Amino acid sequence: MTSKIDTIRKAFTPQRVMAGLVFLPLLAYAFPPFLVADLTFGLRLLFWTGVMVLALTVTGVARKLMQKNPVFLNVPARDVAFAALILVLFTPSLWMLAWVLFTCGGHMAPGAQTVAVYGVLFATGLVLVQRGDRNTSMDSAPEIEKPRLVRRLPPNFDGQIHRLTVRDHNVDVVTSEGTFTVRSRFTDAIAEMEPVPGHCSHRSHWVVDASIVCVEKSGGKTFLRLMNDDLVPVSRKYKPMLEEDGLI
């Protein structure tokens, strides 16, 4: 629940809220949807507000699908795939929004071809804005602090830790550069992974949140598929916590 609230807060920043309060009425006044000039100001405002909500929702859903689905992770032209996904999600939603508002206002709804053209224009704009936000965040992001557990790994280690697995009195540290075994209590190893976000999925397994690609089920059991293609079991004890935090 906390992660979902944080996602909503990030989407509706004070700057975006203020921009919406100022920009949307101006947009509704100056630009009638689909060049239908006799639409009332109220319907225009509803339309552009709906477009903004759709834009935020569609980009969020598309980004999540790109991150969670291994098919999209392996696509060479990720920007093209992202644009196509936004277009597929955004255009039907835009047509439905236009149909409802125009019908309620006593006007003939725009045809599918007209909406498709607008959908392409809007989708292109969303991709460009999203790409600019991503590049800006990458440029301004501070260097991520490495967890203390890295000190137990070889001095030249520069990879990514995916999960921890307890084995007798040792802990296997599974990374992008292989598996390293350290002598430690499982709880101590997890504590040394701070500040990297992660969750226990099983009494013997702890996974890094960013390494989770998707959720798979087999034989009535739930597994987490990680970036290194490992399948990590999810026990009934830890499943509710993973569900609450939006990871499964």
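This is a predicted model: local features need pLDDT of at least 70, side-chain atom pairs count only at pLDDT 80 or more; totals for chains, interfaces and linings use all residues.
Arg152 belongs to the loop between H6 and S1, and Glu192 to the loop between H7 and S4, so the pair ties together parts that are 40 residues apart in sequence. Arg152 has a relative accessible area of 38% and is therefore partly exposed. Glu192, by contrast, is buried, because its relative accessible area is 13%, and the limit for a buried residue is under 20%.

Side chains of opposite charge can pair when their charged atoms come close.

## Other salt bridges

The structure holds seven salt bridges. One of them joins Arg185 and Asp188, whose closest N and O atoms are 3.0 Å apart. Arg185 is exposed, with a relative accessible area of 58%, while Asp188, at 30%, is partly exposed.

Another salt bridge brings together the side chains of Asp229 and Arg225, at 3.2 Å from N to O. Asp229 counts as exposed because its relative accessible area is 53%, whereas Arg225, at 17%, counts as buried. Salt bridges with shared partners link Glu216, Arg225 and Asp229 into one network.

## The chain as a whole

The protein chain contains eight helices and eight strands. Of its 248 residues, 34% count as buried. The chain exposes about 15400 Å², and carbon and sulfur atoms supply 63% of this area.

Contacts also link parts of the chain that are separated in sequence. Among contacts between residues at least 6 apart in sequence, 48% join residues at least 24 apart. Leu65 lies in helix H3, which covers residues 41-68, and is partly exposed because its relative accessibility is 35%.

## Nonpolar cores and a surface patch

In soluble globular proteins, nonpolar side chains tend to be buried together. The largest nonpolar core of this model has 23 residues, of which Phe47, Trp48, Val51, Ile86 and Phe90 touch the most other members. At least two residues of this core come from each of H2, H3, helix H5 (78-104) and helix H6 (112-140). The greatest contribution is that of H5, with nine residues. Another core lies apart from this one and has 16 residues, including Leu153, Phe157, Met193 and Tyr238.

Nonpolar residues also occur on the surface. Met18, Leu21, Val22 and Leu26 form a nonpolar patch there, with about 430 Å² of accessible area together. Val22 is part of helix H2, which covers residues 14-30.

Which residues surround Arg44? Leaving aside residues up to four places away in sequence, Arg44 touches Ala28, Tyr29, Pro32, Pro33, Val36, Ala37 and Leu39. Arg44 is found in helix H3 and counts as buried because its relative accessibility is 12%.

Thr175 lies in strand S2, residues 170-175, and is buried, as its relative accessible area is 5%. A polar atom of the Thr175 side chain lies 3.0 Å from the backbone nitrogen of Glu177. The backbone oxygen of Gly178 is 2.7 Å from a polar atom of the Thr175 side chain. With residues up to four places away in sequence left out, Thr175 touches Leu153, Phe157, Gln160, Ile161, His162 and Phe180. Leu153 and Phe157 are also among the members of the 16-residue core.

## Backbone features in the loops

The peptide bond from Glu194 to Pro195 is cis, with omega near 10 degrees. Pro195 is placed in the loop between helix H7 (186-191) and strand S4 (198-202).

Asp168 has a positive phi of about 55 degrees although it is not a glycine. This residue lies in the loop between strand S1 (161-167) and S2 and is exposed, with a relative accessible area of 70%. Asp229 likewise has a positive phi, near 75 degrees, and is a residue other than glycine. Asp229 is located in the loop between strand S7 (221-226) and strand S8 (231-234). Asp229 therefore presents two features: a positive phi and a salt bridge with Arg225, at a relative accessibility of 53%, which counts as exposed.

Note on methods:
Residues are numbered from 1 along each chain as its sequence is written. Side-chain values use heavy atoms; hydrogens and water are left out. Helices (H or I, at least four residues) and strands (E, at least two) are DSSP runs, numbered from the N terminus. Buried means under 20% relative accessible area, exposed over 50%, partly exposed in between (1.4 Å probe, protein chains only). Contact means heavy atoms within 4.5 Å. Patches are made of residues with over 30% relative accessible area and no salt bridge: like charges are joined within 9 Å, nonpolar side chains (Val, Leu, Ile, Met, Phe, Trp, Tyr) within 5 Å. Accessible areas come from the Shrake-Rupley method with a 1.4 Å probe; for residues, only the protein chains shown count as cover. A salt bridge is a side-chain nitrogen of Lys or Arg within 4 Å of a carboxyl oxygen of Asp or Glu. A nonpolar core is a set of buried Ala, Val, Leu, Ile, Met, Phe, Trp, Tyr and Cys residues joined through side-chain atoms within 4.5 Å. A polar contact is a pair of N or O atoms within 3.5 Å; within protein, one must be able to donate a hydrogen and the other to accept it, and residues adjacent in sequence count only if both atoms are side-chain atoms.
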